[in-house]
Amino acid sequence: MSGSGWYGISLMNSGRNRLYAVEIRTGGTIEVWSYNVEVGGWHRLGRAAIPGYVSSNWYAIVVNYTVTTSAVNFYVWVYDVNGYLVASLTASSTSPNRFTPSYIGVE
């Protein structure tokens with residue numbers, strides 16, 4: 001990946017009007033966002049720095065999520081091209097509008 005912007009994974013509800021996004025920002029952070037869940041529009045649920053981030057390198061994002069009666073929990077790991085863990089993050093959505101993802105895609 002190269003250039004500027006956001007790259008990652010989106011998890012959308014069945015109505016396709018709410019989503020969670022787990023993304024690397026080319027400034028060198030891994031972030032978890034919600035859209036139309038906690039509030040109208042975008043809301044950041046968590047962020048962690050990626051030490052030594054190089055925008056021209058490839059990174060692998062691994063996401064595990066669990067849905068409970070009180071939250072949607074995200075467990076995120078970022079690996080570099082050599083397979084080394086370079087960042088990790090845990091974030092939760094506790095809004096009454098939280099949802100179990102129905103669609104998952106790459107962005």
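Colleague: Does Glu 31 count as buried or exposed?
Modeller: This is a predicted model in which local features need pLDDT of at least 70 and side-chain atom pairs count only at pLDDT 80 or more, whereas totals for chains, interfaces and linings use all residues. Residues are numbered from 1 along each chain as its sequence is written, and side-chain values use heavy atoms, with hydrogens and water left out. Buried means under 20% relative accessible area, exposed means over 50%, and partly exposed lies in between (1.4 Å probe, protein chains only). Because the relative accessibility of Glu 31 is 1%, this residue counts as buried.

Colleague: With which residue does Glu 31 form a salt bridge?
Modeller: A salt bridge requires a side-chain nitrogen of Lys or Arg within 4 Å of a carboxyl oxygen of Asp or Glu, and the structure holds one. Its closest N and O atoms are 3.9 Å apart, and the partner of Glu 31 is Arg 44.

Colleague: How many residues apart in sequence are the parts that Glu 31 and Arg 44 tie together?
Modeller: Helices (H or I, at least four residues) and strands (E, at least two) are DSSP runs numbered from the N terminus. Arg 44 counts as partly exposed, its relative accessibility being 34%. Since Glu 31 lies in strand S3 (residues 29-35) and Arg 44 in strand S4 (residues 42-49), the pair ties together parts whose separation in sequence is 13 residues.

Colleague: In the open sheet of three strands, what is the order?
Modeller: Two strands pair if DSSP finds at least two bridges between them, and S6 (residues 72-79) pairs with S7 over eight bridges in the antiparallel sense. The pairing in this open sheet is antiparallel, and its three strands come in the order S5-S6-S7.

Colleague: Which are the edge strands?
Modeller: An edge strand here pairs on one side only. That applies to strand S5 (60-67) and strand S7 (85-93).

Colleague: How far apart in space are Arg 16 and Ser 102, C-alpha to C-alpha?
Modeller: Arg 16 has its place in the loop between strand S1 (6-12) and strand S2 (19-25), and with a relative accessible area of 62% this residue is exposed. Although Arg 16 and Ser 102 are 86 residues apart in sequence, their C-alpha to C-alpha distance in space is 8.7 Å.

Colleague: How many aromatic pairs does a search of the whole structure find?
Modeller: Rings of Phe, Tyr and Trp (its six-membered ring) pair if their centres lie within 6.5 Å, and planes under 30 degrees apart count as stacked, over 60 as edge-to-face and the rest as tilted. By this rule, the number of aromatic pairs found in the whole structure is seven.

Colleague: How are the rings of Trp 6 and Trp 33 paired?
Modeller: Trp 6 in strand S1 and Trp 33 in strand S3 are 27 residues apart, and their pair links distant parts of the chain. Trp 6 is partly exposed at 34% relative accessibility, whereas Trp 33 is buried at 18%. Because the ring centres are 6.0 Å apart and the planes stand at 90 degrees, the pair is edge-to-face.
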